[in-house]
Amino acid sequence: MTVFAVLALLVATPALADSALPPASLANTQLKDPAKEAQARALMATLRCLVCQGQAISDSDADMAGDMRSLVRRRIAAGESPEQVRKWLISRYGDYVTYDPPLSAVTAPLWLMPLVLLAIGAWLARGSFKRRRG
């Protein structure tokens with residue numbers, strides 16, 4: 001009987017992970033002004049879902065992404081520019097919220113590592129070609 005109860009709990013766990021709360025007011029509703037909606041959508045495509053991490057908030061079904069979409073739309077509708085909303089989100093959630101973090105001491109490894117890896121790959125390839133010729 002206890003094995004059955006444990007299995008039942010394991011099967012039910014994903015269902016319990018969903019929120020019973022309704023989505024935020026503007027999470028899945030477009031703004032009435034098409035120009036402002038276009039601004040909001042363009043901004044949402046550049047913001048990372050903090051739960052999914054690999055998806056933009058415009059593509060994510062996570063509750064937090066819905067809250068962030070709603071927040072972006074409310075602020076754009078209130079007259080803030082996309083850059084102001086972006087700066088506010090970065091100040092609140094950190095540089096990780098954007099797919100294009102600014103160059104700083106903290107984000108320098110993100111920007112420099114591809115160059116370092118490319119240089120190492122070129123050096124290894126050069127060594128390999130030298131051995132084949134020699």
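Modeller: Buried means under 20% relative accessible area, exposed means over 50%, and partly exposed lies in between (1.4 Å probe, protein chains only). By that rule Arg73 is buried, with a relative accessible area of 4%. This is a predicted model, in which local features need pLDDT of at least 70 and side-chain atom pairs count only at pLDDT 80 or more, while totals for chains, interfaces and linings use all residues. Residues are numbered from 1 along each chain as its sequence is written, and side-chain values use heavy atoms, with hydrogens and water left out.

A salt bridge is a side-chain nitrogen of Lys or Arg within 4 Å of a carboxyl oxygen of Asp or Glu. The count comes to three salt bridges. Arg73 forms one with Glu37, and their closest N and O atoms are 2.9 Å apart. This pair links distant parts of the chain, since Arg73 is in helix 3 and Glu37 in helix 2, 36 residues apart. Helices here are DSSP runs (H or I, at least four residues), as are strands (E, at least two), numbered from the N terminus.

Glu37 counts as buried, at 5% relative accessibility. Glu37 also forms a salt bridge with Arg41, with the closest N and O atoms 3.0 Å apart. Arg41 and Glu37 are four residues apart in helix 2, so about one helical turn separates them. Arg41 is partly exposed, at 43% relative accessible area.

Arg75 forms a salt bridge with Glu80, with the closest N and O atoms 3.0 Å apart. Arg75 counts as partly exposed at 21% relative accessibility, and Glu80 is partly exposed at 24%.
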